[in-house]
Amino acid sequence: MYDIIIIGAGPAGLTAAIYACRASKKVLVLEATTYGGQIINTLDIDNYPVEPHISGFDFATKLYNQATEMGAEVVFEKAVKINDKGDFKEVITDEKTYSGKAVIIATGSINRKLGLENEEELVGKGVSYCATCDGAFYKNKTVAVVGGGNTALEDALYLADLAQKVYLIHRRDEFRGERETVKALEGRDNVEFALNSNVTKIIADKKVDAIEVTNNSGEAKTITVDGLFVAVGRIPENNEFKDLIKLDESGYALSGEDCTTDTAGIFVAGDGRAKSVRQLVTATSDGAIAATAAIKYLNGGYYANH
Ligand code: NAP
C-alpha cells in the first residue's frame with residue numbers, strides 16, 4: 001500500500017512527489033509515456049525563476065532525478081481507472097492494480113488535432129505537433145503553422161529561423177497569443193499570415209506535399225508545404241477519472257484552491273486542473289499544494305472540496 005499514488009510524471013506530478021517524499025510518505029508515480037510532460041518539448045525556458053535558458057529536457061531530467069533520488073518510485077504504465085474504496089483507492093493501469101491511501105491526478109493534457117482525415121497517419125511524415133522537436137527537419141523548406149495562441153506564434157517564430165518560408169494560418173483575424181510575438185513575426189520577411197482561414201485538407205502521397213486552406217468566405221487555395229505544424233491548443237486528460245472528479249465543460253478538473261476534489265483523498269494538480277494560468281511555474285506550484293493537502297489528509301485532516 002502506497003501513501004500517495006501520483007498519476008503523471010510531468011512538472012506537477014514530480015513536484016508533488018518531491019513534497020510527499022520529504023514528508024516521508026511512500027510514493028508511487030505512474031506515467032503513461034515519458035517523464036517531463038509537455039515541457040520536455042520546450043527548447044528554451046525563459047520564464048521559470050532562477051535558471052533562464054534551461055531546456056525543457058534538462059529541466060524535466062533534473063526534476064525526475066530529484067524526485068527519484070528522494071525515494072519516489074516511478075512506473076511507466078498508463079492509469080486507466082481509479083476505484084474509490086473509502087480509506088484507500090485502487091489505481092488500475094493497463095498492466096496492474098496499485099493501492100494508495102491518496103491519489104494526485106496530474107495527467108496534464110494532449111495536443112488537440114485538427115481532425116483532418118489523414119492527419120494522424122501523416123504524423124512523422126510532415127505533420128507535427130512540436131516545432132522544437134521536429135523543426136530541424138525543415139531547414140530551408142516551406143512549412144505552415146496552424147493556430148493563433150502563444151504556442152502557434154512561438155512555433156512560427158522558431159521555424160522562421162530555420163525554414164525558407166513559414167505560413168501562419170489562423171481561423172480569426174486576431175491572434176489569441178501575445179502582441180509582442182505577433183510584432184516579431186510581422187518583422188520577418190519569410191513569414192506570411194493567412195487569417196480568417198482554416199486548413200481543410202492535407203494533400204499527401206507518402207508525405208505531406210501541400211495543404212488546402214479555405215478562408216471564411218469559402219474560397220480555397222492550395223499551398224505547397226513540406227511540413228504542417230499543428231498548434232491549436234490542448235485537451236485535458238481527465239476522461240478516465242470523470243466518475244470521481246467533477247470536470248468543467250472543457251474537461252478540466254474542478255478543484256479547490258488547495259487542489260482538493262469532491263472525492264476525499266483525490267487531488268488534482270497541473271494543466272488538467274481548471275485554472276486561469278497554465279505555465280510551468282503554476283504546474284510545479286500545484287504539485288506542492290496538492291501534495292501538502294494530501295499529506296494533511298493522510299495525517300488525519302479531512303480534505304474534500306465541497
Ligand atoms: P491556446 O491558447 O488555447 O490557443 C489555441 C489556438 O488554436 C487558438 O488561437 C484557437 O483559435 C486555435 N484553435 C483551436 N481549435 C482549433 C481548430 N479546430 N482549428 C483551428 N484553430 C483552432 O493554446 P496554446 O497556444 O497551446 O497555449 C496554451 C496555453 O499555454 C495558453 O495559456 C498560452 O498562453 C500558454 N503558453 C504560454 C507560452 C509562454 O508564456 N511563453 C508559450 C506557449 C503557450 P481561437 O483563438 O479562434 O480560439
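1. Helices α1 (residues 11-22) and α2 (residues 56-69) pack with their axes 9 Å apart, at an angle of about 30 degrees. That makes α1 roughly parallel to α2 (angles under 35 degrees count as such). Axes here are lines fitted to C-alpha atoms over the stretch in contact, with angles from 0 to 180 degrees between N-to-C directions; helices are DSSP runs of H or I, at least four residues.

2. A word on the source: this is a predicted model, with local features needing pLDDT of at least 70 and side-chain atom pairs counting only at pLDDT 80 or more, while totals for chains, interfaces and linings use all residues. Numbering runs from 1 along each chain as its sequence is written, and side-chain values use heavy atoms, leaving out hydrogens and water.

3. Who touches whom between α1 and α2? Pro11, Leu14, Thr15, Ala17, Ile18 and Cys21 of α1 meet Ala60, Leu63, Tyr64, Gln66 and Ala67 of α2 (contact means heavy atoms within 4.5 Å). By class that's 9 nonpolar, 2 polar and no charged residues.

4. Then there's α4 (residues 150-160) with α5 (residues 179-186): their axes come within 10 Å and cross at roughly 30 degrees. That makes α4 roughly parallel to α5. Leu153, Glu154, Ala156 and Leu157 in α4 meet Thr181, Val182, Ala184 and Leu185 in α5, a contact of 6 nonpolar, 1 polar and 1 charged.

Notes
Helix = DSSP H or I, 4+ residues; strand = E, 2+ residues; numbered from the N terminus. Parallel < 35°, antiparallel > 145°, perpendicular 65-115°, else oblique. Nonpolar A, V, L, I, M, F, W, Y, C, P; charged D, E, K, R; others polar.
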